[in-house]
Amino acid sequence: DSKTALIADVDCTGDGKPLCDQNKVKGYPTILYGEYGNLDVYQGDRAYDALKQFAAEKLGPICGPGTLDYCDAETRAKMERFLKMSLSKLEGKITRIVKDYEVELPKIRKVVKWQKEKAL
């Protein structure tokens with residue numbers, strides 16, 4: 001039993017189909033690893049020794065709200081600041097960031113492109 005790891009077998013053709021769809025599983029078998037909600041597909045060798053080496057080198061506790069000891073100083077400071085915010089304030093922050101990315105970034109890129117062309 002682990003507080004930081006889960007190993008699971010999911011039947012993507014049965015009751016587990018919604019979970020597989022959510023994680024974009026396309027073929028079987030698929031090995032996923034990483035943080036819940038941000039999983040990566042394992043592309044390495046599937047032999048026991050290779051999987052064991054991968055797990056030893058790449059898997060383990062990761063930085064998060066409940067595991068701040070695994071964060072670098074800068075990330076920890078940001079996480080601690082976010083943890084002090086209310087849920088509505090955090091959601092508002094996400095909305096502003098998404099707007100900046102979807103609306104403002106394309107405008108900025110156009111200006112950068114124009115300035116580069118003008119400099120030639």
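Helices (H or I, at least four residues) and strands (E, at least two) are DSSP runs, numbered from the N terminus. This is a predicted model, in which local features need pLDDT of at least 70 and side-chain atom pairs count only at pLDDT 80 or more, while totals for chains, interfaces and linings use all residues. Residues are numbered from 1 along each chain as its sequence is written, and side-chain values use heavy atoms, with hydrogens and water left out.

**View A. Asn23 in the loop between helix H1 and strand E1.** Let's start with Asn23, in the loop that runs between helix H1 (17-22) and strand E1 (32-35). Its relative accessibility is 22%, so Asn23 counts as partly exposed (buried means under 20% relative accessible area, exposed over 50%, partly exposed in between; 1.4 Å probe, protein chains only). Setting aside neighbours within four places in sequence, Asn23 is in contact with Leu32 and Leu39 (contact means heavy atoms within 4.5 Å). Val41 lies 18 residues from Asn23 in sequence, and the two are 9.7 Å apart in space, C-alpha to C-alpha.

**View B. Ile62 in the loop between helix H2 and helix H3.** Here you can find Ile62 in the loop joining helix H2 (48-58) to helix H3 (73-83). Ile62 is partly exposed because its relative accessible area is 41%. Beyond neighbours within four places in sequence, Ile62 has contacts with Glu35, Thr67 and Tyr70. Pro18 is 44 residues from Ile62 in sequence and 26 Å from Ile62 in space, C-alpha to C-alpha.

**View C. The salt bridge of Lys17 and Asp21.** Side chains of opposite charge can pair when their charged atoms come close. A salt bridge is a side-chain nitrogen of Lys or Arg within 4 Å of a carboxyl oxygen of Asp or Glu, and a search of the whole structure finds five. In this one, the side chains of Lys17 and Asp21 meet at 3.0 Å, N to O. The two residues are four apart in helix H1, so about one helical turn separates Lys17 and Asp21. Lys17 is partly exposed at 40% relative accessibility, and Asp21 is partly exposed at 45%.

**View D. The salt bridge of Lys107 and Glu104.** The side chains of Lys107 and Glu104 meet at 4.0 Å, N to O. Because they are three residues apart in helix H4 (residues 87-119), Lys107 and Glu104 are separated by about one helical turn. Lys107 is partly exposed, with a relative accessible area of 47%, and Glu104 is partly exposed, with 28%.
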